[in-house]
Amino acid sequence: MTDLTPDRLRRGALLLVPDVTLTPDGPLDGHAVVVRDGVFRDVGPIERIVRTYPALAPVRLPGHALMPGFVDAHHHLTQSFGGALAFGEPSEIFRRVWVPLERALDEESAYVAAKLAALESLRGGFTTVAEAGTRATVDVDVVASAARDAGIRCVLGLVCNDASDGTGEDADARTVLAAAEKHLARYGGDYLVAPSLAVSVPEAATAHTLAATARLAAEAGTVVQVHVNEHLVAVERSLVRHGLRPLEYLHHVGALGPQLLAAHATLLTPAEVTLLADSGTAVSYNPVASAWKGNGVAPAITFAERGIRFGLGTDGTRGDGFRLADAAEFAQRLTYGLAGGDSSCGAGWTWWERATAGGAEAVGLGRRTGQIVPGAAADFLLLDIAGPEMQPSWDLPWELVRRGNRDQLTAVFVAGRLRLWRGWPPGWDGPALVRRAAELAPRVVRRAGVTRAHPTSVAARQQKQTPTTLAAADTRPPRDPAPPCPGGRR
């Protein structure tokens, strides 16, 4: 496709003719789409579309599929400077790594960290991210500005904690809720940023505030993002404090419902699964986070069977939609499918759908994005399917889940605008942002006083090679990680 250039894709109105269009009815050949004013104006057979819009010159896209952009249902944009600091760490590291790191951010570093994460997400095919609320002591509009400037759609959470969870002080509930109302009004008309509320974990807010944020979000038509039933220690703390598991406690105080987006939900009893189904609560299934630092894998196959709304989230692990979809299916196969002899394990369509339309619905944007249909926001990907990964093609949804990769992305569009061309933004200097992040990140990490329980990979290898000297060594976890060497080596 040597004649395709970014300029051909940056017009005010586009008539695009791919080989395959991935619609809610599945992959369709011989279809075209019209993009104008940031939305899909029309989708249908090529002959009808070309005849209906004679003023638009068709842009032929041989060897390409046009598919919805991925939706990241759970992200932490301002944690991008942490990177490999979390690798090898035991679960529930937010107290030792993420909270100190975010609180060490100033306005510039918070902006750069968030924009860096947004760029990585775009490079991985995400057109929407749900930001679960930063602990950085800056105006949350810094994060909104970073998302807008990167060109990604963002469901922007505002942390509404008013009870100490061991990482902060109690706050006045009236002040917290007033800020929540202001936040919801602040972004009401924003074309890329949608406001939401967030509570870090159920124990970080009083019962009154949990119920009030649920009410405010429901009235505003948005979501409250809460980490729920992620780690054993959190479940046990809730049982000791309330006599109820975290999800049960949210139900008890009136916080469950369609407005709740429960992040992780990995450790669930059958009764809690029923609570999710009966209440209409949505879940962000985060399989890579489960593998890297979790205590369990969410029963997403059961969610699908019970009609529980859920999307897929990265939790900031890596911004790659194809690897996320693959991990979502793979984790279910290993934890549930093999034990039950389920060779389909949801089939490819389940994971492709939850990575796109299902994710959009879970984060409160189901009417706005996630599908290639008339009236939806034109958030989409142009994917090269002419290479060896997809040829010959027999079942495209399965192939996207198991064989697709971000190297096949030719272009990423958000709100009808070209945001990424062959891996880099055409409208701003992506490499310059990466260089600035590399300058700022070591300073922030030093300032944060991050505590790691696990050594770097090189140090761990050396310890295994010299076990006799390990006992004599000072094995206290480092509080001041060394700055990264060129190329990310340590």
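# Notebook: cavity, pocket, helix contacts, backbone

I began with the lining of the largest cavity, where α6 gives the most, with three residues. The model I am reading is a predicted one.

**Entry 1, the cavity.** I asked how many cavities of 30 Å³ or more a search of the whole structure finds. The search finds one. I noted about 50 Å³ of space in the largest cavity. I then listed the residues that line the largest cavity: Leu-210, Thr-213, Ala-214, Val-224, Val-226, Leu-250, Ala-255, Gln-259 and Leu-260. I sorted the lining of the largest cavity by class and got seven nonpolar residues, two polar and no charged.

I looked up the volume of the second largest pocket and wrote down about 630 Å³. Its lining is made of 28 residues. Which of them lie nearest the centre of the pocket? I found Thr-134, Leu-158, Val-159, Cys-160 and Asn-161 there. For the elements behind the lining, I noted β8 (153-159) and α5 (173-186), each with at least two residues. The largest share of this lining comes from α5, which supplies six residues. By class, I have ten nonpolar, ten polar and eight charged residues in the lining of the second largest pocket.

I turned to helix pairs, and two packed helices are described by the angle between their axes and the distance between the axes. I took helix α3 (residues 107-123) and helix α4 (residues 141-150), which pack at an angle of about 40° with their axes 8 Å apart. That angle makes α3 oblique to α4. I recorded the crossing of α3 and α4 as right-handed. On the α3 side of the contact I listed Glu-107, Ala-110, Tyr-111, Ala-114, Lys-115, Ala-118 and Leu-122. On the α4 side I listed Val-142, Val-143, Ser-145, Ala-146, Asp-149 and Ala-150. By class, the contact of α3 with α4 divides into nine nonpolar residues, one polar and three charged.

I next checked helix α8 (residues 246-253) against helix α9 (residues 270-279). Their axes come within 10 Å and cross at roughly 40°. How are α8 and α9 set to each other? They are therefore oblique. I recorded a left-handed crossing where α8 passes α9. From α8, the residues making the contact are Leu-247, Glu-248 and His-251. From α9, they are Glu-272, Leu-275 and Leu-276. I counted the contact of α8 with α9 by class as three nonpolar, one polar and two charged residues.

I kept one general point at hand: most residues other than glycine have a negative phi, and most peptide bonds are trans. I then looked up His-264 and found its phi near 85°, a positive value in a residue other than glycine. His-264 lies in strand β11 (residues 260-264). I also looked up the bond that joins Gln-391 and Pro-392. Is this peptide bond cis or trans? The bond is cis, with omega about -5°. I asked where Pro-392 is found. My note puts Pro-392 in the loop between β14 (380-384) and α15 (396-402).

Technical notes
Residues numbered from 1 in each chain as written. Predicted model: local features only at pLDDT ≥ 70, side-chain atom pairs only at ≥ 80, totals over all residues. Heavy atoms only, no water. Axes fitted to C-alpha atoms, helices over the stretch in contact; angles between N-to-C directions. Helix = DSSP H or I, 4+ residues; strand = E, 2+ residues; numbered from the N terminus. Parallel < 35°, antiparallel > 145°, perpendicular 65-115°, else oblique. Left-handed = near helix turned anticlockwise from the far one by under 90°. Contact = heavy atoms within 4.5 Å. Nonpolar A, V, L, I, M, F, W, Y, C, P; charged D, E, K, R; others polar. 1 Å grid on protein atoms, 1.4 Å probe; cavity = no way out; pocket = protein on both sides within 12 Å on 5 of 7 lines; lining within 4 Å. Points joined across faces, edges and corners; volume = space filled by probe spheres on them.
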